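Subject: Structure handover

Hello,

I am passing on the structure below, followed by notes on what was found in it. Please read the notes with the structure open.

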Amino acid sequence: MKTLLAGLQSLGRALMLPIAVLPIAGLLLRLGQPDLLGIPFMGAAGQAIFDHLGLLFALGVATGFARDGNGAACLAGVTCFLVTTEAGKTLLVVPPSELSGFTGPAVDLATAAWKAKVMARLDVPIGILSGLVGGLFYNRFSAMKLPEYLAFFGGRRFVPIVSGLAGLVLAAIIGFAFQGISAGIDAISLAATGAGATGVFMFGLLNRLLLVTGLHHLLNNIAWFVVGDYHGTTGDLRRFFAGDPTAGSFMAGFFPVMMFGLPAACLAMYHAARPERRKAVGGMLFSLALTSMLTGVTEPIEFSFMFLAPVLFGIHAVLTGLSMAVMDVLGVKMGFGFSAGLFDYVLNFGKATRPLLLLPVGAVYFALYYGLFRFFIARLDLQTPGREPLTETPVAAAPVAAGGRGRAFTDALGGADNLASVGACTTRLRLVVRDQALVDDAALKALGARGMIRPSATALQVVLGPVADIVAVEIRDAMDAGVAEPVAAVVVPAAVEEAPASTLTLAPALTTALGGTDNIADSTQHHGRLRVTVRDGARVDAAALDALGVHGVARPAPGVLHLLGDEAVLGRLVSA
C-alpha cells in the first residue's frame, strides 16, 4: 500500500509539469479571439497546445518519473506516444454510417478524420501512460549492456527502442479494445455530468480532502481532461476553451472559494490572533490572501491551518463542495487556464456563462468563511496563526546570503547526502530523504515553509507557495556545487529549537572520538541522533565512532555532525 501511495504521489507531481503550460495556452487562445484582440495567429498558437496535450503529458510525465530527468526518458515517452496513437489508428474499424455519402478519395479523408477524432479522445490518458513507460523504462534500462556488436544501441539509446515496443503493445490493446474503452469513458462522463449538483459537490469535497496527499491532481486530470465530449474534445477544461456551453461545471465552484472565501478566512485568522501577535502574522496573511484572490494559489493558506486546526479544514472542504453545487444549480459555467483567481476570471469572462453571479455568491462566501472561522476559532480555541503557544511561534524567513537560498534549504534538509530526490509541484517541494531525523523543521519554517507533510518514512513535502519550483532548482544547483562556500546560517529563535542548546556531558570514549574536549563546541540530544558542533572536523575519528555503535554520521554543514544510532546506544554515549 505504501508503495502504491508513493507511486500515485509521484504521478501527481509529474502531472504538474505539462499542466504548467496551460496558462500560456489559455492566454494566447483567449487573446486571439475576436472579442479580445482578434489576432488569429495568437489563437492558433494557444489552440496548438490544447491540441497536443497528450504529447506534452508524455514528455512531462517521463521527465518527472526519470530519476535524473534525462532527455532520453522524454524521447522514449514521445516514441511510445507516437507509436501507440498512429499504430492504434490502423486497428480502428470505422462505422459504415460515418462514411455514408462519401465516394472516391473522400472516403479515405473521412476515414482518417474519424480515426484522428476518436483517438484524440484518449490523447491525455495515452500521454500519461507513455510518459510512465518512458520514465520507468529509463530507470530500468538506461544502464542496459548489449553484446559488443550491438553496443551502440545499449544504455540510454536502448530506452526509446524498448519504449517503442511497449507502444506497440499499448496500440494493440487500444485498437482491439477501443469500443470497450470508449464505452467506459462514456459511462464515466455520463455519470459525472449526469450527477449534477451532487456530482460536482463530491468532486469539490474530495478535491480538498485529497490535498494533503497531493493526489487531488489525479482527480483533477480526470475531470478536466477526460470527462465529456464536445466534437471530439474531452475534459471540462478543454471543452470550455473549445466553446462547449455545457463545460465549466468542474471549475466554476472554485472561484467563490479562492477569490472570496479563503481571503476572508485570512482576515478572520488575523482578527482572531492575539493583539500582540497581529503585526507579526498580518503581513503573512495579507500576502497569502492576495495570492489566492489574484492567482487562485491556495495551498499556503490551507496549510497554515490544516494541521493546527483540522476542523477548519473540514469546514473548508465541505464549503468547497457546496460552492461547486451552488454554482452548478445557478447555471454558472466558468473556466480557467491556471486556477480560479481574478486573472483567469477577467481573461475568460467573455467565454463564461452568467459570470456576474460570482459577485453575489462570492459576497455570501466571504461572509460564510469569515463568520465560521471566527466562531470556531474562538469557540474551540483553535491554534491558528497568531494564537499558537509561544514555544510554537512562527518565525519569519531568515536572511541568507545572496544566491544562497538553495544551500540554506539543503542544509536544513539534512545536507546533500540526505536528499535522494528533489522535485516540486505548483506550491510544494516533493522530496525523498534518506533520514527524516536529519530534517530541521524549525530551520525550514525560518526559510518560509508553511508546513511539512511526511506521507511515508522517506517522502517529505514542504509547502512553500508559488516559489517551490524555483527553490527546487536552487537546491539541485547547490547539491551539484557540492561544498561551496558556506552561506549565512539560518537563525532559528530559541523558542522553536528542537532541544535545549546546553552542551551534553559525553562519555569519555565519544569525547575522544570527536577530537577531545577542546574540539567540541556544543552538543544536543534528539530522537535517534546526537547533534554535535566541532571546531575541526578533521579531528573526528570515524572509525572510532563506528566502533562505539554509531550507525552513521551526517554532515549537513561544516563543523556540524549528526551521530545516528539506536536510542540505547546513544544513551550510553551520554554520561549525564
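Ser-292 is a place to start: this residue is found in helix H15, residues 278-295. Helices (H or I, at least four residues) and strands (E, at least two) are DSSP runs, numbered from the N terminus. Ser-292 is buried, because its relative accessible area is 0%. Buried stands for under 20% relative accessible area, exposed for over 50%, and partly exposed for what lies in between (1.4 Å probe, protein chains only). Not counting residues up to four places away in sequence, Ser-292 touches Met-258, Leu-262, Pro-263, Val-297, Thr-298, Ile-301 and Gly-341. A contact here means heavy atoms within 4.5 Å.

Before going further, the conventions. This is a predicted model, in which local features need pLDDT of at least 70 and side-chain atom pairs count only at pLDDT 80 or more, while totals for chains, interfaces and linings use all residues. Residues are numbered from 1 along each chain as its sequence is written, and side-chain values use heavy atoms, with hydrogens and water left out.

The protein overall

The protein has 25 helices and eight strands. Of its 576 residues, 49% are buried. Among contacts with a separation of 6 or more, 69% are between residues 24 or more positions apart. The accessible surface comes to about 25,400 Å², and 67% of that belongs to carbon and sulfur atoms. Accessible areas come from the Shrake-Rupley method with a 1.4 Å probe; for residues, only the protein chains shown count as cover.

Cores

The largest nonpolar core has 77 residues, and those with the most contacts inside it are Phe-57, Trp-224, Phe-225, Met-334, Tyr-369 and Phe-373. Helix H14 (residues 254-272) gives the most to this core, with 13 residues. Apart from this core lies another, of 23 residues, among them Val-433, Ala-449, Val-471 and Ala-472. A nonpolar core is a set of buried Ala, Val, Leu, Ile, Met, Phe, Trp, Tyr and Cys residues joined through side-chain atoms within 4.5 Å. Leaving out residues up to four places away in sequence, Trp-224 touches, among others, Phe-203, Phe-250, Phe-254 and Phe-336.

Strands

Five of the six residues of strand S2 (residues 428-433) are buried. S2 pairs with strand S1 (residues 419-424) in the antiparallel sense over five bridges; there, Leu-419 stands opposite Val-433. S2 also runs antiparallel to strand S4 (residues 459-463), joined by five bridges, and Leu-429 has Val-462 in S4 as its bridge partner. Two strands pair if DSSP finds at least two bridges between them.

In H3, Met-42, Gly-43, Gly-46, Ile-49 and Phe-50 are buried. Seen down the axis of H3, these buried residues fall within an arc of 120 degrees, so they line one face of the helix. The arc is that of the directions from the helix axis to the C-beta atoms. They pack against helix H2 (22-31), helix H4 (53-65) and helix H12 (236-241). On the other side of H3, Pro-40 and Phe-41 are exposed.

Val-21 sits in the loop between helix H1 (2-19) and H2. Val-21 counts as partly exposed because its relative accessibility is 26%. Neighbours within four places in sequence aside, Val-21 is in contact with Ile-49 and Leu-56. The C-alpha atoms of Val-21 and Leu-56 are separated by 8.8 Å, and the two residues are 35 residues apart along the chain.

Regards
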